[in-house]
Amino acid sequence: MKRRLLAATTAVTLSLTMAACGAASDSSGGDAEEGPIKIALIPPTSGALAQFGTDSVKGWETAVRLVNEDGGIDGREVELLVKGTDADPATTLRVAKEAVTQDGAQFIGSVMTSPEHGALNAQLEGLGALSFNSLGKDDALVGEQCSPYAVHVVQTTSMDVNALANSIAEMPGEKWAIQAVDYATGHSAAETFKAAAEKAGKEVVLEQFAPLNTTDFGSYITKLKNSGADAVFAVEFGADGVAFVQQADQFNLDDQLKTVLGLNMVSEPLFETLGESIVGYYNNVGYDAAADTEANKEFIEAYTEDHGSAPYYVPADAYAAAQILFAGIEEAGSSEPAEVAEALADLTVETNVGEVTVRGTDNQVLRDSYLGKVVKGDGGLAFEVVTNTSADVTTTESDPACKF
Amino acid sequence: MTTTAPTDVVSPSAAAPEASPRGRLKGTLVGLGIAVATLLAGLAVPYVVTDTYRMSLLVEGTLLSLLAIGIGFLARHLGLISLGHGAFFGAAAYGVGIATTNWGWSPTTAVGFGVVVGTGFAVVMGLLVVRSSGFGFLMLTLALSQALYALSVQTSARPLTGAHDGKLLSYDRDMTFLGLAQRDVMNPGLFWPMAWIALTMCATVLWLVGRSRFGTTLEGIRENEERMRFSGYDTFGPRLVAFVLSGAVASLGGALFAINSGYVSPDILGFTRAGDSLIAALVGGFGLLVGPIVGTFLFVYAQANFNFGGNLHLFTGMALILVLVFMPGGITGSLQKLYHRLRRGRR
Amino acid sequence: MNAAQLLNGIALGSLLMVLSSGLAMIYGLRGVANFAHGALYMSGAYIAYSVSDRAGFWLALLVVPLALAVVGVLLELVFFRPLQHRSHIELGLITFGLALMAERLVVLIWGERTLRVTPPEFLQGTSNFLGVEYPSYRLAIIAIAVVLAAALVLWLRSTTTGLHIRAASQDIETAAIMGINVDRVSLVVVAVGSALAGFAGALAAPYIALDPGMGSAFLITVLIIVVVGGIGSIGGAMIAGMGLGVIQSVTTVWSPSVAVVVPYLALTIVLLWRPTGLAGKRVS
C-alpha cells in the first residue's frame, strides 16, 4: 500500500511543480530595439570576494548615472539589474540565464572569478548575451575559453606579469626567490618572471609553490630565509596573501629582503587588514588613479560624489567596461548583442583608463599595465605608480587557441 | 560507546511486505504501471513549461535527484548515511569531460565511460568503508571524497581535470549525444527527456531491488547485522553491492550533469555540494523512494529563490535542524504519517 | 631539514592538538562527532579579533574560552540532552546544520573581509630558541599548548570529575547505574570541549588569516585526526594531532602537493592496518 502511495505521491508532486512552473512561464526578454538597455550585474555577494563584487557594481552605477543624465544612448535609457551569486560557476550561470531569459538583459557585467567566466563564456552564444569581464584575469579566457560574446576588459595575468618582468630593473635585489600559488596562474607567472629575471642578469635562487588555501606558510618562509634571497616575487591571493604577509612579518623575513614584489597580492581593499608592514611592497596595479586625463578626472569626481570614497582598480575597470559597452552600442546603432559585438571589433574608445582598443581577434582590451609601490600617504596607504607598460609590450598577439 | 540504535530518520520505511507471492507480483506490476505512466507524463513537461530558465531548473533538479536517490537508497535499506556520494557524481562528470575533451570520444560513449569511472570509484571506496557503520561510515565517506577533491585540484592533475579552473567540455560539432549536438544538449527543453528517463528508470530499478530478496537481505542487515552473520549470511557482499549500486546511480547523474552544463568545476566534489545533497535528501525524507526527489526539487527551488545575499546555507542549516528535531522522516515521512492517521481516524 | 622546519611542524601540531582534544572529548562521551567544531573554532578566532581590538590579546585568550563554554552549555541543554535518545547520526547531522548556520552568522556579524589579529607586542618578531631564530608567537603557541595538554591529562587522571568523565566515556549507561551524574558530566565535557575549540581559535587568530572558510578547512583534518587517534580517545587524538602536524609540515618542505594528501593517506593507512585507530577503540 505504502509503495503505491509513494508512486502516486511522486506523480502528483511532480505534476504540481510543473504546473506551477508552466503557469508562471512565458515571459521573454523585451524588444532589443526599444525600451531601456538592460545590463545584468552578477557580482559575488558572499565569500571572500564580496567586497570586490560590491565595488564593481559601484563603478557600473556611476557610469550609468552619467550616461542617463546625458539623455541615455541614442535616447534610450540604460538600466542595471543587480543580481548576486556565491561565485560558484553553476550559480552564476543560473542567475545569468534567469537575467537574460526572464528579465530581458542583453549585457552582463561584474562576474568575478575566472571559473565563472569560463562557464559563462561557453553559454554566451546560445544565450545571445554579451559579457563584459572587468575582473577575471585568467589567460585562458582569451585563449581556449574565449567567446566572440565576451569582452575582456581587464588585463590578463600574463599582461601583468610581462609588465612586472619588464620593470624588473627598477627594483633592488639580485637574488630572487619565487613564492607562488600552485595554480595555473602561479605557474605561468613564475615561468615568465624567471625568464625575465635571468635575462636582466638576476639570479633565481628558489622557486616554490603552495597549494591554494594554504593557512600555514611557516615551512615556505623558513625555506625562503634559508635560500639567501634578497628579493621575493610572491603570487598569493586573498586569504593566502594575507596569511603570507602576516607570517613573513612574524618571521622577520623583511629584514633580509630589499624587495617584495607581489602579483595580485596587495590591493586597496586589503590595506587596512595588512597594515603598515607592507609599506615599500611592490605590486601590479591595474589602474593609475593619478592619470591626468579628462575622462579619468570626470570618473573620479563622479565616483567620489556617488559613493563617498575614492575609486581603485575594481570600480575603475567596471566603469571602463561600461564606457566600452556604450561606445559599442553607439557604433552599432543598435543594442542587439551580436551587432554590438561586431561593432566593438578593433574599436578604439577613450576611457578613464586611457585610450583603449578592443582587439578583434580575441576581444582583449589593449591597455597599459602598471607597477606600483605601497607608500604611506595622508589618508593611509596608497599605491604610487612606478612604471607603466603599454599593451604593445605586454601582449604582442592573441592566443592562436582562440578562434571566433 | 553504546550501540547505535537504528536511525529514526530511516525507520518509518520498515514497511510490511505483502503477504502472498501473488500479492507481491501484483504490487510489482502496479508499481511498474505507475512508473511507466509517470515516465510518459513527464515527457510532456517541455510542452507545458516553455521558458528555458524554469526548464533548466527542472533539469538540474532531475539530475541532482539521481544523486539524492542514491544516497536515499543506502539510508533506507542499510541505514547508512553517506557524505561521499558527491565523489561518484563528480568523478563521473570529470570522466565525461576527460573522455570528450582529452581523448575526443563521442559524448554518448563518454557518458558511458563517466558512469564506469564513477562506479569504479564506488567499488574502491566501498571496499574501504562498508565494514563500518553509523558515524564511522559517515566520516570515512566524507574523508575519502575530500581526498578525491584534494587530488582533483592538484597541479599534476591539471591536464586531466583543469585543477581549480575547472574543465570546459569540447567536442567536434558533428559529434552528438544521442542525436543532440553540443548546443542542443545545453538546451534544457531538448535535454529534458534524457534526464527524466534516467531518473524514472533509476528510481524504478532501485524500487525493484528494494522489493527483491536482495532488498530483504539488506533490511535484515540494517536491523541486526550480527544476527545475519550468525545466521550464515555474508554481510560484506550485499553491503558492497548496495553501495556500488547507489554509487552507479549517482554516477549517471554526474555524467548527464557534465554533458548538460558543458563545464565541470571542482566545487562538484566539494564538501558543500555533498552536504547540500544529503540535506536535500534528508529534508525530503528517506522513508520513501520519492523523499529525496521531493527534497532535491525543493532545494533547487530554494537555491534559485532564497540565495540572495548568500544566505542560502543559513536557511538550509535551519531546515535541516527543524526537520531532524521536529519531523524525523522528513517531509514525505510526515505526510505519510498524517495520511495514516487520517485513515485510521475515518475507520 | 633543520630545526626551524621541525618547529614549524610542532607549532601546527600544537594547534591541531588543542582543537582535536576538544572534539575527541565530546565524541567519547556523547558518541557524536560534532560537525560544529570547526564553526566553534572559527567563532573563537573572530571573537578574539573583536576583543583584542578593544582590550588586548591576553584578555581575548581568557574571554573566548568562557564565551565558547557558554555556547557549549547551550549546545548540551538545547540539543544533546533533550535528543540523547535519538541516534548519534541524527545528532551529528544537527551539528552539521548548526555549523552551516554559524558560518553565515559569522559573515553577517564580521563581514566577508579577510582579517588579521596582531600578537601582543613582546611576542612580535623572532627570538632565539636553541640557536634558531624563530617567531616568538609560534614558540608561545607551542608552550601554551603543551601546558594545556598536560593540565588536561592531569585533570582527567587525578580528579573525581576526570574519573567520572573517563568512566562515562567508557560506557555511559553503566556509569549512570554506578551513581555517576551523567548529565552533569556531559555538561562539563561539552562545555570544556567547546571552550577548547574556542581557545584554539583564539590562539590561531594571530597565526593564520581569518576568513569565513577557516572553520570548514580545519574541520575535515580534525575529524580525520580523531578517527586516526581512535574515536573517543583524548590521548590518541592529541598524539595523532601533533603527529599529523609534524608530518604535514615536514612533507611540505619536500613536496607541498603531497602534503595536502597526507591526512587522507594517513587515514587510509591506519584504517587498513588498524581499523580501530591508534588508541584502539572500534570505529563505529
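Helices here are DSSP runs of H or I at least four residues long, and strands are runs of E of at least two, both numbered from the N terminus. Keep that in mind as we walk through what is a predicted model.

Let's start with chain C. Reading from the N terminus, its elements go α-α-α-α-β-β-α-α-α-α-α-α-α.

How does the chain pack? Chain C has 284 residues and a radius of gyration of 18 Å, which agrees with the value near 19 Å that a compact globule of that length would have. As for burial, 61% of the 284 residues in chain C count as buried. Then look at the contacts between residues with a separation of 6 or more: in chain C, 78% of these link residues 24 or more positions apart.

Now over to chain A, where the domain assignment is what to look at. Domain 1 covers 37-155 + 290-367, while domain 2 takes 159-285. Taken over C-alpha atoms, the centres of these two domains of chain A are 30 Å apart. Where they touch, domain 1 of chain A contributes eight residues and domain 2 of chain A contributes nine. What is the domain 1 side of chain A made of, where it touches domain 2 of chain A? It divides into four nonpolar, two polar and two charged residues.

Conventions. Residues are numbered from 1 along each chain as its sequence is written. Chains are lettered from A and ligands numbered from 1 in the order in which they are written. This is a predicted model: local features need pLDDT of at least 70, side-chain atom pairs count only at pLDDT 80 or more; totals for chains, interfaces and linings use all residues. The radius of gyration is taken over C-alpha atoms; the globule rule is 2.2 Å times the number of residues to the power 0.38. A residue is buried if 20 or more other C-beta atoms lie within 10 Å of its own, exposed if 12 or fewer, and partly exposed in between; C-beta atoms are placed from the backbone. Two residues are in contact if their C-beta atoms, placed from the backbone, lie within 7 Å. Domain bounds come from an automatic or database domain assignment. Ala, Val, Leu, Ile, Met, Phe, Trp, Tyr, Cys and Pro count as nonpolar, Asp, Glu, Lys and Arg as charged, and the others, Gly among them, as polar.
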